[in-house]
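Morning, everyone. Please have a look at the model on the screen. I'll start with the ligand and then move to the cavity.

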Amino acid sequence: MKNLAKLKYLYKLKVSGVEYFEGFESKDTDIKMPNELEELEKICKNCTLCDLAKTRTNVVFGEGNPNAKLMFIGEGPGEMEDKTGRPFVGRAGKLLTKIINTVLELQRSDVYIANIVKCRPPNNRVPTIEEAQTCKPYLLKQIEIINPQILVCLGKTAFMYLLESDMPISKVRGQIFEYKGKKVIPTYHPSFLLRNPSAKKESYKDFLLIKSLL
Ligand code: URA
């Protein structure tokens, strides 16, 4: 927690206008987090490290099987998620659940679902680099504790902030990347599929690939 306090202090300095050297960013290894998911959740639920804490209703930590082989990573909570404190429960979430059930032939309770940021960005805007960097240690610790074999990045934001790549999702979807010995498969975000039903064909292929790897 010492390092977390340091990060919080630096963040406060920054928002109050103090300039510190450019290269500062939270490194994965900088922050000591508890090794138990429940402890991590408690800390995360009290987090005030970034401005999203001011406008959130609930922290959306993530949910599912703590021993899941498959973990989904979304962008950040939307309105329904903010209201309920649960990930992917709105329209996009219903589509994700349907894909999990019908294509993967799994239950939501078999997998783990989390997001890059745990608090809703106002008006569902994309989380800023600062918000993502500040929140990322929670996700990295979730990944470490749950230790899934496969990480599915739902949409560009999840892929970009996890693997620090700005490749378009249309170029990377359906390919297998690697993060700390785990397979990372980016695919379209279910919200994108709701807006662009013709992309469901490609998405279906990605989920068949995921199924084949399980
Ligand atoms: N979109 C996301 O990226 N995450 C959620 O939890 C809900 C919608």
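**The ligand and the cavity**

Start at H189: an N or O atom in its side chain is 2.8 Å from an oxygen atom of the ligand. That is a polar contact, meaning a pair of N or O atoms within 3.5 Å. N115 puts a polar side-chain atom 2.8 Å from a ligand nitrogen. G76 uses a polar backbone atom, 3.0 Å from a nitrogen atom of the ligand. Which residues surround the ligand? They are G74, E75, G76, E81, P87, F88, N115 and H189. Near here means that a heavy atom of the residue lies within 4 Å.

A word on the source. This is a predicted model: local features need pLDDT of at least 70, side-chain atom pairs count only at pLDDT 80 or more, and totals for chains, interfaces and linings use all residues. Residues are numbered from 1 along each chain as its sequence is written, and side-chain values use heavy atoms, leaving out hydrogens and water.

pLDDT is the predictor's confidence in each residue, from 0 to 100. The protein averages 92, and 90% of the residues score at least 70. Over residues 22-29, though, the pLDDT is below 50.

Now the cavity. On a 1 Å grid over the protein atoms alone, that is a set of points where a 1.4 Å probe fits but cannot get out; lining residues have an atom within 4 Å of a point. The largest cavity has 16 lining residues. C47, C50, C119, C135 and Y138 lie nearest its centre.

Conventions: On a 1 Å grid over the protein atoms alone, a cavity is a set of points where a 1.4 Å probe fits but cannot get out, and a pocket is an open set with protein on both sides within 12 Å along at least five of seven lines; lining residues have an atom within 4 Å of a point. Contact means heavy atoms within 4.5 Å. A polar contact is a pair of N or O atoms within 3.5 Å; within protein, one must be able to donate a hydrogen and the other to accept it, and residues adjacent in sequence count only if both atoms are side-chain atoms.
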